[in-house]
Amino acid sequence: MSNTESFEAFFGLKVPTGNDRRELYKSQYRAIYTFKMPAQELDAAFRDVLGTSWTIKNDERVKYVGKLEVEMENQTLKVTMEDYPEAGMSALKYYTIQNYTK
């Protein structure tokens, strides 16, 4: 997998292109991206990348900000959206759900 491909998806969940997208952090358990756009626009871009493969469940967001989970087949990922209106930016965080039992 090239750097471009790894930047485009996290466990198969695509990352929206958005305005001035930047990858702040990425590990095997989470990824953090920032965008130069309000959370409402980020939500629309995020829904576009979900397509028909992923479904939203446990959506706890208020005014596009907060936590939700997305699921495809037997895989569930946690997603957090944050809004920083004073800076004209928003953030998108993807997390894997940790399974500590062996």
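Buried means under 20% relative accessible area, exposed over 50%, and partly exposed in between, with a 1.4 Å probe and protein chains only. The model is predicted: local features need pLDDT of at least 70, side-chain atom pairs count only at pLDDT 80 or more, and totals for chains, interfaces and linings use all residues. Residues are numbered from 1 along each chain as its sequence is written, and side-chain values use heavy atoms, with hydrogens and water left out.

**Exercise 1. Overall layout**

State how many helices and strands the protein has, and give their order.

Solution. Start with the rule: helices (H or I, at least four residues) and strands (E, at least two) are DSSP runs, numbered from the N terminus. The protein has two helices and eight strands. Their order from the N terminus is α-β-β-β-β-α-β-β-β-β. Next, burial: 35% of the 102 residues count as buried. Last, contacts, meaning heavy atoms within 4.5 Å. Among contacts between residues at least 6 apart in sequence, 38% join residues at least 24 apart.

**Exercise 2. The aromatic residues**

Classify the ring pairs Phe10–Phe11 and Phe46–Tyr94, and find the burial of each residue.

Solution. A pair of aromatic rings is described by the distance of the centres and the angle of the planes. Rings of Phe, Tyr and Trp (its six-membered ring) pair if their centres lie within 6.5 Å; planes under 30 degrees apart count as stacked, over 60 as edge-to-face and the rest as tilted. The structure holds four aromatic pairs. In one of them, Phe10 and Phe11 have ring centres 4.9 Å apart and planes at 75°, so this pair is edge-to-face. Phe10 is buried, at 2% relative accessibility. Phe11 has a relative accessible area of 41%, so Phe11 is partly exposed.

Now take Phe46 and Tyr94. Their centres are 6.3 Å apart and their planes stand at 55°, a tilted pair. This pair links distant parts of the chain: Phe46 is in helix α2 (residues 39-50), Tyr94 is in strand β8 (residues 89-96), and 48 residues separate them. Phe46 has a relative accessible area of 0%, so Phe46 is buried. Tyr94 is also at 0% relative accessibility and therefore counts as buried. Finally, Phe10, Phe11, Tyr33, Phe46 and Tyr94 form one aromatic cluster.

**Exercise 3. Strand β4 and its partners**

Identify the strands that pair with β4, with the sense and the bridge count.

Solution. Two strands pair if DSSP finds at least two bridges between them. Strand β3 (residues 22-26) pairs with β4 in the antiparallel sense over four bridges. A hairpin of three residues joins β3 to β4. Glu23 has Tyr33 as its bridge partner in β4. Then turn to β8: β4 and β8 are antiparallel over six bridges. There, Thr34 has Ala91 as its bridge partner in β8. Check the cover too: in β4 (residues 30-35), five of the six residues are buried.

**Exercise 4. Glu69**

Determine whether Glu69 is buried or exposed, and name the partner of its side chain.

Solution. Locate the residue: Glu69 lies in strand β6 (residues 66-72). Its relative accessible area is 14%, so Glu69 is buried. Its side chain makes a polar contact with the side chain of Asn58 at 3.0 Å. Such a contact is a pair of N or O atoms within 3.5 Å; within protein, one must be able to donate a hydrogen and the other to accept it, and residues adjacent in sequence count only if both atoms are side-chain atoms. Neighbours within four places in sequence aside, the contacts of Glu69 include Thr55, Leu77 and Ile97.
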